[in-house]
Amino acid sequence: MKLEHSEETCIWQVPLMPDDLLVKVIEILERAYGVPEARSLDPVDLLVMTILSQNTSDMNSSRAFEQLKSRFRSYDEILNASEDEIADAIRPGGLADIKAARIKGALERLREDFGSVDLSPLQKMSPEEARSYLTSIPGIGPKTASVLMLFGFNMPAMPVDTHVYRVSRRIGLVPESASIAQTQKILEEITPRENYLSLHINLIRHGRLVCRARNPLCDRCELGDLCRYIQVQREQS
């Protein structure tokens, strides 16, 4: 598998890995954390929640979303509100002024493109078209787009947050030197469509509970026999 990366035409050669490594990782993580169940989420709610989650904790973004929904009865009311009013409602989520502008701008874009505040037209798009459309909205980057595609429409997209990025490189699913964009591309190429949700959620769980950024609990890691990072640590000890 080759992955192009460049300022001009530099080619990354992705090292071959055992054919069953990814399958084993998915199986072990599911034994440790369970098989995540897909929840039915309104895509527009998910869009707003994902914007609110940027650069803050899950607790803070949840509080901000709850306050927004209690302050305004509909997204049309949010569109008719000022950015200051929106910012005041989402203050617990941090960066309220920036996020208020992004939320209102995104909702205006949906109404302009689809006639109402609605994301259901994405169901008829290919993953490539959906990703291109979503990332054309100011404030919607690759990660936010991937979250919407995966959780809102069950499309084959792999959101790469800090946990997915760290754990997938340590295990050896992607090269240690891979960028976030390269990590997403590789994981989307090698992950079976039916396992996208499971792998994404369980990599996050594993990153939070065991494979932490500082002082990872390698002695408790279920992936110890597979993990490149642990193998290197053993060789150096």
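Reader: What does the lining of the largest cavity divide into, by residue type?
Author: Into 12 nonpolar residues, one polar and one charged. Ala, Val, Leu, Ile, Met, Phe, Trp, Tyr, Cys and Pro count as nonpolar, Asp, Glu, Lys and Arg as charged, the others, Gly among them, as polar. This is a predicted model, where local features need pLDDT of at least 70 and side-chain atom pairs pLDDT 80 or more, while totals for chains, interfaces and linings use all residues. Residues are numbered from 1 along each chain as its sequence is written, and side-chain values use heavy atoms, leaving out hydrogens and water.

Reader: Which residues lie nearest its centre?
Author: C211, C218, C221, C227 and I230, out of 14 lining residues. A lining residue has an atom within 4 Å of a cavity point, on a 1 Å grid over the protein atoms alone, where a 1.4 Å probe fits but cannot get out.

Reader: And which element gives the most to that lining?
Author: Helix α9, with three residues. Helices are DSSP runs (H or I, at least four residues) numbered from the N terminus.

Reader: OK, switching to R170. Buried or exposed?
Author: R170, in helix α9, is buried, meaning under 20% relative accessible area with a 1.4 Å probe, protein chains only. R170 has no salt bridge (a side-chain nitrogen of Lys or Arg within 4 Å of a carboxyl oxygen of Asp or Glu). The nearest side chain of opposite charge, E176, is 8.1 Å away.

Reader: Which backbone oxygens lie by its side chain?
Author: That of R212 is 2.8 Å from a polar atom of the R170 side chain, and that of A213 is 3.1 Å from one.

Methods: On a 1 Å grid over the protein atoms alone, a cavity is a set of points where a 1.4 Å probe fits but cannot get out, and a pocket is an open set with protein on both sides within 12 Å along at least five of seven lines; lining residues have an atom within 4 Å of a point. Helices (H or I, at least four residues) and strands (E, at least two) are DSSP runs, numbered from the N terminus. Buried means under 20% relative accessible area, exposed over 50%, partly exposed in between (1.4 Å probe, protein chains only). Lys and Arg count as positive and Asp and Glu as negative; His and the chain ends are not counted. A polar contact is a pair of N or O atoms within 3.5 Å; within protein, one must be able to donate a hydrogen and the other to accept it, and residues adjacent in sequence count only if both atoms are side-chain atoms.
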